[in-house]
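Thanks for coming, everyone. Please have a look at the structure before I start. I'll talk through charges, strands and rings.

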Amino acid sequence: MHALICQGEGKYYVSAVFGYYTDINAAAEYERHLQSWKRCFIVWDAEKKRLIRWFEMVPGRKELIPQLLVVDADKTRWHRDGKHAEFVDFLDRKRIDSFLDAATQPEDVLEKCRASDAGYVYEECREIRSEKDITDLMWVSGGFHDAFIDAEELRDDGTLRLLFDGTWGCKIEVWLWGDLEYDTSYRKSDEYDHFWFGSTVIRREGFVYFIAEEDMTVEELTPGECFFKARHMKYRVIPD
């Protein structure tokens, strides 16, 4: 797993993720719900010299402000450590808590972290070519929940450029091209909400379908539905 560690004002760095946990111990259901938003990730510091805790949401704020965006959701060789924690295979919560705040962290652990992170290259612009690409897009965009199309541009070469705002913690730029079909009239109408509540991306018979509804199928598309169909689709994440 890899994530963008957001530092504010559009600044960020890319880090491997070595685990995450949530401390949920309240008795009242509402308090447990609030605690569920305080998920903590174990990542590199900006210099990649030591491991640090980094909360998914900015701590100490009533508003939910993301400060970590998962761009690669692969959890190969991870394991569950209790009900609310998952880690890479060579770490667990007890081990992490034993050294994370120490002045010097165990070199054998850091070496394993470096080895597991070796070779990863973050693609700033990424094309949808596989089911994994779709999974990663859904993670970083939150399924486009609360998103809206802030800009729509059909270029002379037939490429459609979209800029989504409202996605949690970032904007997302999308390009679609090749035998392009789309309909955004529904979302432009003053009679309907411009915000997306979810989305579906499907690869089928050489096309990518991008639909402004959750859990959709190609067969369920109806006239007026907000959708995009093209041979190619790529995207870029722009952290807040």
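Two strands count as paired if DSSP finds at least two bridges between them. Keep that in mind. Also, this is a predicted model.

Let's start with strand pairing. Strand E14, residues 207–211, runs antiparallel to E15, and the two pair over four bridges. So that pair passes the cut-off of at least two bridges. Across this pair, phenylalanine 210 stands opposite phenylalanine 228 in E15.

E15 has another partner. E12 and E15 also pair in the antiparallel sense, over three bridges. Here glutamate 181 is the residue opposite lysine 229 in E15.

Now the side chains of E15. Which way do they point? Phe227 and Lys229 go one way, Phe228 and Ala230 the other way, and all are buried.

Next, the rings. Phe210 and Phe228 come back here. They belong to one aromatic cluster, together with Phe144, Phe164, Tyr182 and Trp196.

How many aromatic pairs are there? The count comes to 13. Take tyrosine 20 and phenylalanine 41. Their rings form a tilted pair, 5.1 Å centre to centre, with 45° between the planes. Tyrosine 20 sits in strand E2, residues 11–21, and phenylalanine 41 in strand E3, residues 40–44, so the pair ties together parts that are 21 residues apart in sequence. Both tyrosine 20 and phenylalanine 41 are buried.

Rings also meet charges. Arginine 231 lies over the face of phenylalanine 207, at 3.8 Å from the ring centre. Lysine 234 places its charged end over the ring of tryptophan 175, 5.2 Å from the centre.

Stay with arginine 231. Its side chain also meets that of aspartate 179 in a salt bridge, 3.0 Å from N to O. Why does this pair matter for the layout of the chain? Aspartate 179 lies in the loop between strand E11 (170–177) and strand E12 (181–183), while arginine 231 lies in the loop between strand E15 (227–230) and strand E16 (232–239), so the bridge ties together parts that are 52 residues apart in sequence. Buried or exposed? Aspartate 179 is exposed, with a relative accessible area of 51%. Arginine 231 counts as partly exposed, at 35%.

That brings us to salt bridges in general. How many does the structure hold? The total is 27. Two more are on my list.

In one of them, lysine 75 bridges to glutamate 86, and the closest N and O atoms are 3.1 Å apart. Lysine 75 is in the loop between strand E5 (68–72) and strand E6 (78–80), and glutamate 86 is in strand E7, residues 85–88. The two are eleven residues apart, and the pair links distant parts of the chain. Glutamate 86 is buried, at 14% relative accessible area. Lysine 75 is partly exposed, at 27%.

The other joins arginine 53 and aspartate 97, with the closest N and O atoms 4.0 Å apart. Arginine 53 is in strand E4, residues 51–55, and aspartate 97 is in helix H2, residues 93–99, so this bridge connects parts that are 44 residues apart in sequence. Arginine 53 is partly exposed at 29% relative accessibility. Aspartate 97 is partly exposed too, at 37%.

Arg53 and Asp97 are linked with Asp23, Arg93 and Asp101 in a network of salt bridges.

That's my tour. Over to you.

Conventions:
Residues numbered from 1 in each chain as written. Predicted model: local features only at pLDDT ≥ 70, side-chain atom pairs only at ≥ 80, totals over all residues. Heavy atoms only, no water. Buried < 20%, exposed > 50% of the residue type's maximum accessible area, 1.4 Å probe, protein only. Phe/Tyr/Trp six-rings, centres within 6.5 Å; stacked < 30°, edge-to-face > 60°. Lys NZ or Arg CZ within 6 Å of the ring centre and 35° of its normal.
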